[in-house]
Amino acid sequence: MDAVTSHGGRFAGMTKKELIRAEQAIAHKYMGGVPWLMVAWGLGNFAIWLALWPLVMTGTLPLGVGFLIACANVTLCYLPSHEAQHDIIGRKGTKWRWLNELIGHVSLIPLVLPYRVARLTHYEHHKHTNDPNRDPDHGTKAKGPLDSIRRTILSQQPGSQSGLNNYGAVLQQMGREDVILDGAIYKLLFFGTLCALAWSGYALEAIFLWWLPRQFGLIYIIFFLSWAPHHPAEEKGRYRNTRSWRSKLGNIGSLGMQFHLIHHLYPTIPLTRHPAVYAEMKPILEARGCRLGDL
Amino acid sequence: MLIAVLKTGFQLGPLLFGLLFIPPVTAQILTVLDWTPPLGMTPLLAGFLLGGIWGVYAQWRGSWLTWRP
């Protein structure tokens, strides 16, 4: 006999089996369709970042303004690809599959993260969330906000074996050495482009439109997408490995991650629908003993 | 062959970054700030000096910063 819950309003007293059915019924209402906002976000964000280069190089836009926009571009570039990683824009065999893959690849370019690397390591993260030995993102575990920032900066150092530097080892363990080459090519093109720009007289543009925004974006993304929703990253299991919380920067400022719990439960629900799903599913999540914080 | 070249290149990444990227960056920053390097050095030479030393340090320590990764 399944355990009977004592919390969760109208769901109190339900068996686990009944709860999962109720949970799935809510989740399925929010699945499906093409999230066009994410499509526009992915392509628009990349186009704006590309446009910064001629605008700044020709003196049309001041470098300082370009830098701020580039920081926003890099910070915003991961999420559209994240939707693509979960086949949300177009599943295999559907007419929008090409768009799914296009967004997946293109939107990540400012971050210098190959789509295939991101997708495979992210699936591992979902399968083994908070497992110190198998979760590729477990290296983002930190004592607090400042420690998270410090650890991200350290993980970007050449001798580091955590963060993005750990993805090669993860792919090797998965037997996907072919994808490691994607990472090497991206890195080569990134540093090659930076050097070419610098020796052509555009060193400041290289730093302030790409290198530095990328550092900023990585810190921001890892903070809100990895550290905050899993903190303290000690519990495993479907209902305990991720939390919801109220961010001081709001839901937009935290890149929608206040509701990251919904993503881990149902990864194919588009990001923009998470708040609605959360509102409807909250009593069930309470009944399940999820970490809901003050949200 | 290509893989071997790539691997060697990445192993020497900090040194290459120090010698290929930091010098022109330093030179252009010094020029923008209108600073003259000491000892009659050109901005680019000052960049090579800075990038070379910092690159060797990062290569040796595995970090551009004082913290160990």
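This is a predicted model: local features need pLDDT of at least 70, side-chain atom pairs count only at pLDDT 80 or more; totals for chains, interfaces and linings use all residues.

Residues are numbered from 1 along each chain as its sequence is written, while chains are lettered from A and ligands numbered from 1 in the order in which they are written.

**Overall fold of chain A**

- Chain A has 12 helices and zero strands, where helices (H or I, at least four residues) and strands (E, at least two) are DSSP runs, numbered from the N terminus.
- The C-alpha trace of chain A spans about 70 × 40 × 40 Å along its principal axes.
- Of the 295 residues in chain A, 42% are buried, where a residue is buried if 20 or more other C-beta atoms lie within 10 Å of its own, exposed if 12 or fewer, and partly exposed in between, with C-beta atoms placed from the backbone.

**Domains of chain A**

- Chain A is assigned domain 1 (1-29 + 247-295) and domain 2 (31-234), with bounds that come from an automatic or database domain assignment.
- The centres of domain 1 and domain 2 of chain A, taken over C-alpha atoms, are separated by 27 Å.
- Domain 1 of chain A gives 13 residues to the contact and domain 2 of chain A gives 15 residues, two residues being in contact if their C-beta atoms, placed from the backbone, lie within 7 Å.
- On the side of domain 1 of chain A that touches domain 2 of chain A, the elements giving two or more residues are helix 1 (16-29) and helix 11 (260-265) of chain A.

**One residue in chain A**

- A:Gln173 lies in helix 8 (residues 167-173) of chain A, and A:Gln173 counts as exposed because it has 12 C-beta neighbours inside 10 Å.
- From C-alpha to C-alpha, A:Gln173 and A:Arg134 are 9.7 Å apart in space, although 39 residues apart in sequence.

**Contact between chains**

- The contact takes 18 residues from chain B and 14 residues from chain A.
- Helix 1 (2-11), helix 2 (13-20) and helix 3 (22-33) of chain B are the elements that give two or more residues to the side of chain B that touches chain A.
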